[in-house]
Amino acid sequence: MSDMWLPEDQDPRTAGNPQGEKANYVEYLANYRLTLGMKCDGLAPEELATRSVPPSSMSLLGLLRHMARVEHNWFQRTAQATGEDRIYWSPEDDDLDFNGAEPTQECVDDAFASWKRQTGAAEEWFAGIDESDLGRELPIAGHPDDVVSIRDLVVHMIEEYARHCGHADLLRECIDGRTGQ
């Protein structure tokens, strides 16, 4: 138990043996999303907004906002070609997702709601994709001459979460010493 975040019988993440390529992607992405949420659980707004080390603006709250932004960009703007404006971004501040992470309950509530909304929309969209369609290419939002396959988009999201869950581990350990998977 010393290196586990929760006792095994309380851990919501799965370690099944999914059958098929899409099922594997769904499980990995779901587990990484759960991990990020777990790393933020039980912290006050000031703790969630605690930045790593100067000059970095990285915080757990910033990571939540960033992942909401990334989910929105890939699953809404690219996969579904919604034409929506980016979230947590401005022409003046490309790092608004991190720089705008303020230690207030309002900012925390907004970040969690946005992230949950984006992950829910992404899950709903991906559930409608047939495994045989994973190789279909989509124009990348903001880069109409570039394309990405659905497979590459989802693998990129898994990679994005994996990297940032590593950051979240270190941030959480700095806040309260809590470590583990």
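Helices in this account are DSSP runs of H or I with at least four residues, strands are runs of E with at least two, and both are numbered from the N terminus. The structure described with these terms is a predicted model.

The protein has six helices and two strands, and along the sequence these elements follow the pattern α-α-α-α-α-β-β-α. The radius of gyration is 17 Å, close to the 16 Å that the globule rule gives for 181 residues, so the protein is as compact as a globular protein of that length. Along the principal axes, its C-alpha atoms fill a box of roughly 45 × 45 × 25 Å. Of the contacts between residues at least 6 apart in sequence, 69% join residues at least 24 apart. Buried residues account for 44% of the 181 residues. The accessible surface comes to about 9,500 Å², and carbon and sulfur atoms contribute 51% of that area.

A pair of aromatic rings is described by the distance of the centres and the angle of the planes. The whole structure contains three aromatic pairs. In the pair formed by Phe75 and Trp125, the ring centres are 5.9 Å apart and the planes stand at 55°, so the pair is tilted. Phe75 belongs to helix α3 and Trp125 to helix α5, so this pair ties together parts that are 50 residues apart in sequence. Both residues fall under the 20% limit for burial: Phe75 has a relative accessibility of 1%, and Trp125 has one of 13%. Together with Phe126, Phe75 and Trp125 form one aromatic cluster.

A polar side chain is also found among the buried residues. Arg172, in helix α6, has a relative accessible area of 4% and is therefore buried. A polar atom of the Arg172 side chain lies 2.8 Å from the backbone oxygen of Asp41. The Arg172 side chain also makes a polar contact, at 2.9 Å, with the side chain of Asp176.

Most residues other than glycine have a negative phi, and most peptide bonds are trans. In the loop between α2 (45-48) and α3, where Pro55 is placed, a cis peptide bond joins Pro54 and Pro55, with omega about 5°. The loop between α3 and α4 (96-99) holds Ala81 and also Tyr88. Ala81 is not a glycine, yet has a positive phi of about 45°. Tyr88, likewise a residue other than glycine, has a positive phi near 50°.

Note on methods:
Residues are numbered from 1 along each chain as its sequence is written. This is a predicted model: local features need pLDDT of at least 70, side-chain atom pairs count only at pLDDT 80 or more; totals for chains, interfaces and linings use all residues. Side-chain values use heavy atoms; hydrogens and water are left out. Buried means under 20% relative accessible area, exposed over 50%, partly exposed in between (1.4 Å probe, protein chains only). A polar contact is a pair of N or O atoms within 3.5 Å; within protein, one must be able to donate a hydrogen and the other to accept it, and residues adjacent in sequence count only if both atoms are side-chain atoms. The radius of gyration is taken over C-alpha atoms; the globule rule is 2.2 Å times the number of residues to the power 0.38. Contact means heavy atoms within 4.5 Å. Accessible areas come from the Shrake-Rupley method with a 1.4 Å probe; for residues, only the protein chains shown count as cover. Rings of Phe, Tyr and Trp (its six-membered ring) pair if their centres lie within 6.5 Å; planes under 30 degrees apart count as stacked, over 60 as edge-to-face and the rest as tilted.
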